[in-house]
Amino acid sequence: MSIKHIEEYRDSTLARQLSEKIRRLSRRKIRLMEVCGTHTVSIFRSGIRSLLPETISLLSGPGCPVCVTDQAEIDAFIELARQKDVIVTTFGDLMRVPGSASSLQRERAEGRDIRMVYSTMDAVGLAQQNPGRHVVFLGVGFETTAPTIAAAILTAAGLKLENFSVISAHKVVPPALEALMTVDGARIDGFILPGHVSVIIGLKAYRPFFERHRMPCVVAGFEPGDILQAVAMLVEQFETGRPRLENAYPRAVAQEGNLKAQQVLTQVFQIGDACWRGIGRIPDSGLQIRASYAAYDAGRRFALHLPEPKTPRGCACGEILTGQKTPPECALYKKVCTPIDPVGPCMVSSEGTCAAYYRYHYDELEAQS
Amino acid sequence: MKTDKILLDHGSGGKISHRMTRDMLLPVFNNPILAQLNDGAIFELNGQRVAFSTDSYTVDPIFFPGGNIGELAVYGTVNDLAMCGATPMFLSVALIIEEGFPIEQLEAIIAAMGQAAEHAGVSVVTGDTKVVPKGMADKIFINTSGIGVIPDHVDVASHKALPGDAVILSGSIADHGVSILARRAGLSFETSVQSDTAPLNHMVAAMCAVGRGIHVLRDPTRGGLGTALNEIAEKSAAGIRIREDRIPVKPEVAGLCELLGFDPLYLANEGKLIAFVAADDAAAVLEAVRADRCGRDAAIVGEVVADHPGKVFMQTRIGGTRIVDMLAGEQLPRIC
């Protein structure tokens with residue numbers, strides 16, 4: 001897609017028209033959850049809240065992969081970095097996430113070989129260049145990134161690489177929506193569904209969830225115009241009492257999704273239970289490496305001895321990820337927990353709810369406008 | 001999680017760097033000149049106001065699209081002096097070289113420094129070279145210090161922004177940051193973005209010649225435009241409002257930032273300045289900036305307001321409003 005095309009969705013005229021439409025439609029108070037961290041950041045960065053009527057509350061959901069990575073998984077990553085002759089490769093977000101007693105960033109300062117990569121294929125290349133050492137890639141992410149990691153495993157298998165493996169903490173989105181419906185304090189009236197994830201899994205992946213709950217659901221892109229469009233559609237569904245599963249991002253998301261990516265994904269991964277930080281175990285919400293690719297599963301190759309994970313006391317990440325609280329309602333927010341000294345992962349990742357609030361939210365702003 | 005070791009974040013130019021300066025350096029070297037924390041120190045010698053500045057360069061890669069560590073080291077210090085309102089005159093150069101470094105590359109770096117000095121109109125008058133055993137430094141580190149004199153009619157400092165001042169930005173942001181990111185080992189993006197490394201002293205001289213109402217000059221290097229504006233808002237106890245649609249960002253820069261989840265407001269520039277200018281002088285000063293080769297895309301991007309002292313707000317392109325905070329630590333690429 002060309003930049004020019006994207007510009008249309010950033011246009012102030014379009015934004016004004018959409019925000020006027022939303023103001024016209026919205027009568028009753030409505031709580032909408034944007035599931036995806038990229039949406040959260042886009043909403044803050046473009047100042048969308050300042051264009052919406054008071055009736056609309058936007059809640060940030062569990063859609064930042066770093067934020068929902070369980071403490072035990074973070075501890076495992078750190079333990080892997082401490083293994084002899086291991087190079088740990090990771091996407092940048094994970095570097096600062098605090099484990100029970102350390103973080104990857106601190107381990108790197110201690111001299112462990114931890115390298116940021118921008119693609120899993122770079123990690124495969126690193127394994128080829130370092131035959132005497134074992135390269136582990138920290139697999140964190142949703143359906144968006146998981147196919148590229150599956151492709152890297154297939155590439156490594158094709159090259160018969162013996163010194164490359166992945167530890168999979170991947171998660172899938174639809175079961176998390178189910179889990180959110182059981183949370184008491186969330187009171188969600190509609191979902192802004194993630195655009196990138198939906199490009200892979202397609203609109204059809206949400207159908208069973210929608211049929212069970214009859215909850216307004218709209219897939220949205222990431223430009224301000226996309227998000228406002230989705231909000232307008234959700235408000236309309238809500239006000240007319242006709243919930244639907246709709247696609248406000250048809251230029252990227254198809255009914256069936258990306259079948260090739262789905263095929264690569266299922267070739268390497270199988271569905272299993274997963275622990276989400278702050279939420280707990282969600283059935284069928286994780287991606288595990290299949291036994292046929294066990295040689296590339298760092299979880300199987302390394303016998304890690306992990307102490308019982310220590311979750312930070314007072315951290316409200318769980319309630320924030322499920323829409324029960326906003327970051328300013330957490331006792332640690334901005335006092336003990338800052339992006340420099342984060343307590344929970346929501347303050348670490350650039351797409352974490354607390355980090356987004358810390359960087360972009362200013363209480364007096366609402367007072368002024 | 002508190003740390004007892006230095007992390008890369010300490011060098012990011014954001015909040016954590018500031019905290020280190022405030023808590024570790026200021027109490028020890030306590031004096032009123034340092035306490036101003038400007039780009040360079042400003043003081044009087046025999047009745048002449050002088051600016052003195054130093055900077056070390058450890059950029060990786062040392063050769064990047066649009067330049068190399070050598071010219072960066074010269075322009076960096078030249079620009080720090082220019083941001084004090086000074087006419088840069090003399091530079092020192094210290095090289096720390098890793099054993100085994102190719103002489104051909106060293107020659108290229110030194111040649112670039114020579115050209116840069118000539119271009120900026122400064123003389124390198126003293127220097128030092130050290131060679132350290134292989135592995136004890138990464139290829140080459142360069143330190144430059146510089147001295148310049150401040151003309152009588154010029155009086156700029158980062159605490160002097162006043163309500164009503166126009167905020168002039170001399171061109172597109174984040175070019176240097178993106179050119180470095182794109183060349184870093186492990187990141188195999190093809191990009192046409194060139195670093196904007198350039199001397200700003202000629203531009204500053206032209207600006208000061210046409211406008212007496214220049215209150216603040218700043219080159220938004222490490223930490224980017226967002227961090228520089230926050231520092232000025234804080235030191236001047238003034239509010240700043242900027243408009244996103246006025247801030248030039250090249251499409252290829254915007255594209256790479258989007259991909260990695262970076263905010264161009266916090267990426268480094270090496271040949272851009274921001275000027276806070278009294279409203280009456282703003283048009284003339286803007287014209288002087290635009291007349292410079294490096295200032296063709298200059299624009300008035302915002303203004304100083306009496307509201308929300310110490311805070312920077314931005315009107316977004318869709319007409320919303322948001323706060324622009326200081327960068328906390330090094331920006332890290334995201335996972336989607």
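This is a predicted model: local features need pLDDT of at least 70, side-chain atom pairs count only at pLDDT 80 or more; totals for chains, interfaces and linings use all residues.
Local features need pLDDT of at least 70, side-chain atom pairs count only at pLDDT 80 or more, and totals for chains, interfaces and linings use all residues. Residues are numbered from 1 along each chain as its sequence is written, and chains are lettered from A in the order in which they are written.

View 1. Chain A has 16 helices and 11 strands (DSSP runs numbered from the N terminus: helices are H or I, at least four residues; strands are E, at least two). The C-alpha trace spans about 65 × 45 × 40 Å along its principal axes. Chain A has a radius of gyration of 21 Å, which agrees with the value near 21 Å for a compact globule of 369 residues (taken over C-alpha atoms; the rule is 2.2 Å times the number of residues to the power 0.38).

**View 2. The interior of chain A.** Of the 369 residues, 55% count as buried (20 or more other C-beta atoms within 10 Å of the residue's own, placed from the backbone). Residues 24 or more positions apart make 78% of the contacts with a separation of 6 or more (C-beta atoms within 7 Å).

**View 3. Helices α2(A) and α11(A).** Helix α2 (residues 12–25) and helix α11 (residues 224–240) of chain A have axes that come within 9 Å and cross at roughly 15° (lines fitted to C-alpha atoms over the stretch in contact, with angles from 0 to 180 degrees between N-to-C directions). The two helices are therefore roughly parallel (angles under 35 degrees).

**View 4. Residues where α2(A) meets α11(A).** Leu14(A), Leu18(A) and Ile22(A) are among the α2(A) residues here. The α11(A) side includes Leu228(A), Val231(A) and Glu239(A). The residues of this contact divide into 10 nonpolar, three polar and three charged (Ala, Val, Leu, Ile, Met, Phe, Trp, Tyr, Cys and Pro count as nonpolar; Asp, Glu, Lys and Arg as charged; the others, Gly among them, as polar).

Key: A residue is buried if 20 or more other C-beta atoms lie within 10 Å of its own, exposed if 12 or fewer, and partly exposed in between; C-beta atoms are placed from the backbone. Two residues are in contact if their C-beta atoms, placed from the backbone, lie within 7 Å. Angles under 35 degrees count as roughly parallel, over 145 as roughly antiparallel, 65 to 115 as roughly perpendicular and the rest as oblique.
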